[in-house]
Every structure is written in C-alpha cells, then in structure tokens.
Amino acid sequence: MRVSEPNSKLLTIVIPVHKMAFRLGNLENTLRSAASVMDKTNFVIIHDKGDSATYPQLIALQRIFSFELFEVEYGSPGLARNEGMKRSNSEWICFWDSDDIGNVEEVVNSIIECPREKAVIIGEYEIIKFNEHVASGNLKKRVNSLKHVMINPGIWRMAFRSSTLGDARFIKGRMGEDQAFLATLNMREGDVFYTRRHFYKYFIGDPQQLTSNRDSILEINSAMEKVQEILKLGNQIEDYVYIIWARLLLTSIKKDRKSTRLNSSHEWISRMPSSA
C-alpha cells in the first residue's frame, strides 16, 4: 500500500444518506458518540438529491451537531463514498452507514494507539437485530488475522490511513461495492492494526435496508465478478483472502433462498478458481 504525506485532521467519517426520513435516530447516536473528540473528527454526510424528504431533518440535525453536508446525485452508496473521499481532509477515514451506530471515540482512541507503519485499523463490532437492540450471538470476539475478519469483512469495522489509499475508489453499486474497494487496496497482514475497541453496531432485519431488498442483493454477483477481475489483474487470485470472502458471502445468500431467491450463487462459486 502506497504511503504519502498525511492530511491535517485525524479522522473523517463518510456517511451516505438516502431515503432515511424519520429514521435518523442511529445517525444521531453516531454523531453524539463524537462529543469528546470533535476537535479531531470531521463528519462528511453525502445526501442524495433525489431524497427531498430527508433533507430538512438533516438540516435540523446540523443545528445540533457539527458535520459537513453535501447534496449530490449519486445513485449508489459506492459513488457517494467516492464523493466523501474527495472532500476528506483527514489523516484517517472511515466509511459508515446512516442506519447503524458507530462509536467515534473508540475509533479515535485506536488511531492514537496505532503504530505509524500500519495502514488499516480493524476493530470489533456487534450485530443488532432491528427493533431489539440486543446483540445477536457472541459477535464481539477478538480478531487478530484477516482469516478471522473474513467471517464478516464489513468495511464499517475498519479505519484507513488516507495517505495509503492512492487511487482506490468504490464501484457503482448498492451491494458488494465495499468488497471491490478492499480488493484494490492489496491489504496484507503487516498493514493491519487489530484492536479490541468496539467500533460499530451493525443493524440487521430492517425491511427498508438494502440487505432486505432482493434487487439490491442480486447486485452482489456483479460486484464479486469485479473483485475477481481486480485480483486477476494483481496476480493475487490464488492466494488472496478476498476470494474466500466472496465465496462465503455468496454461500450465505444461497442458504437464505426464502428471502432472496438468489439461485445463481452456486453456479458462480463453482466457476471461481480455488484459493487453496
């Protein structure tokens, strides 16, 4: 991963917002978690112009909390994150979602603890069932290798040193775009600082989430094809952990046929080269 000169602030958090009217409670909790570290933190919220209902509520939040708000016609979370990257002025950057809850103070403390030679910080997380606010299972266990991370390679549990991102960008898409982004980074064990600090609460089961939308889930196939192309270009496809992540992700979708009806995943997986 290429290293260049760091930027001025410590942390920027990029959050796309689309069709979140009357559902900004988790975003508010995320903003509140930065209260003690606002001098080190910058929020860049990218709001889709096509979503007029949410905009007044974001303006109301902006009167209470400090964040930069940009209206952009982006059409997908990936393109919104690219816009946020362009507007970041920090040494580190995170990519979060507006329907989850991040803990900014914990991320900032991890950055302070991180050795200078590390390019990525990976923290711990909880998965929360929608409307229950109860952790589902033992999901706080410590990770200390990329093989452990592949169980849930969510980009929301990671912080990236901005100077190492180079020309990495997100692809257009609603699902799997973060995995294609990770594949372009050529991330290795030596790049990663693992922390036991809890970065994130990831909510599942909301019928309005993209992960509950059959059409958006079908986009994972094309995103994972892109991951495969990226890895081939870098001659990494035989030994790189992302090919395993893609296999696990599509396998888990296939098991949930009742909700997704995604029957093509087995065929796609069978065409993937072995990583053994």
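Start with the aromatic cluster. Ring pairs join Trp-96, Tyr-125, Trp-156, Tyr-200 and Tyr-202 into a cluster. A pair here means Phe, Tyr or Trp rings, taking the six-membered ring of Trp, with centres within 6.5 Å; planes under 30 degrees apart are stacked, over 60 edge-to-face, and the rest tilted.

Two notes on the model. It is predicted, so local features need pLDDT of at least 70 and side-chain atom pairs pLDDT 80 or more, while totals for chains, interfaces and linings use all residues. Residues are numbered from 1 along each chain as its sequence is written, and side-chain values use heavy atoms, leaving out hydrogens and water.

Back to the rings. The whole structure holds nine aromatic pairs. Take Phe-95 and Phe-170. Their centres are 4.9 Å apart and their planes at 75°, so this pair is edge-to-face. Phe-95 is in strand 4, and Phe-170 is in the loop between strand 7 (158-161) and helix 6, 75 residues apart. Helices (H or I, at least four residues) and strands (E, at least two) are DSSP runs, numbered from the N terminus.

With Phe-181 it forms another edge-to-face pair, 5.6 Å centre to centre and 70° between the planes. Phe-95 sits in strand 4 and Phe-181 in helix 6, so this pair ties together parts 86 residues apart in sequence.

How accessible is Phe-95? It is at 1% relative accessibility, so it counts as buried. Phe-170 is buried too, at 4%. The cut-offs: buried is under 20% relative accessible area, exposed is over 50%, and partly exposed is in between, with a 1.4 Å probe and protein chains only.

Two arginines sit over rings. Arg-81 lies over the face of Phe-170, 5.5 Å from the ring centre. The charged end of Arg-87 is over the ring of Phe-70, 3.9 Å from its centre. The test is NZ of Lys or CZ of Arg within 6 Å of the ring centre and within 35 degrees of the ring normal.

Now helix 6, residues 177-184. Seven of its eight residues are buried. Phe-181 is one of them, and Glu-177, Asp-178 and Gln-179 are also among them. After the helix comes Asn-186, with a positive phi near 55°.

Next, the cores. A nonpolar core is a set of buried Ala, Val, Leu, Ile, Met, Phe, Trp, Tyr and Cys residues joined through side-chain atoms within 4.5 Å. The largest has 35 residues; Leu-11, Leu-27, Trp-96 and Val-104 touch the most other members. Strand 1 contributes the most to this core, five residues. Apart from it lies another core of 28 residues, including Tyr-74, Met-85, Leu-165 and Met-187.

What does Val-104 touch? Skipping residues up to four places away in sequence, its contacts include Leu-11, Ile-13, Phe-43 and Trp-96. Contact means heavy atoms within 4.5 Å.

One more residue: Thr-195, in strand 8. It is buried, with a relative accessible area of 4%. Its side chain reaches the backbone nitrogen of Arg-197 at 3.1 Å. Beyond its neighbours within four places in sequence, Thr-195 contacts Ser-110, Glu-113, Ile-121, Ile-122, Gly-123 and Glu-124.

Last, the whole chain. It has 11 helices and eight strands. Of its 276 residues, 53% are buried. Among contacts with a separation of 6 or more, 80% join residues 24 or more positions apart.

How values were computed: Polar contact = N/O pair within 3.5 Å; in protein donor to acceptor, adjacent residues only side chain to side chain.
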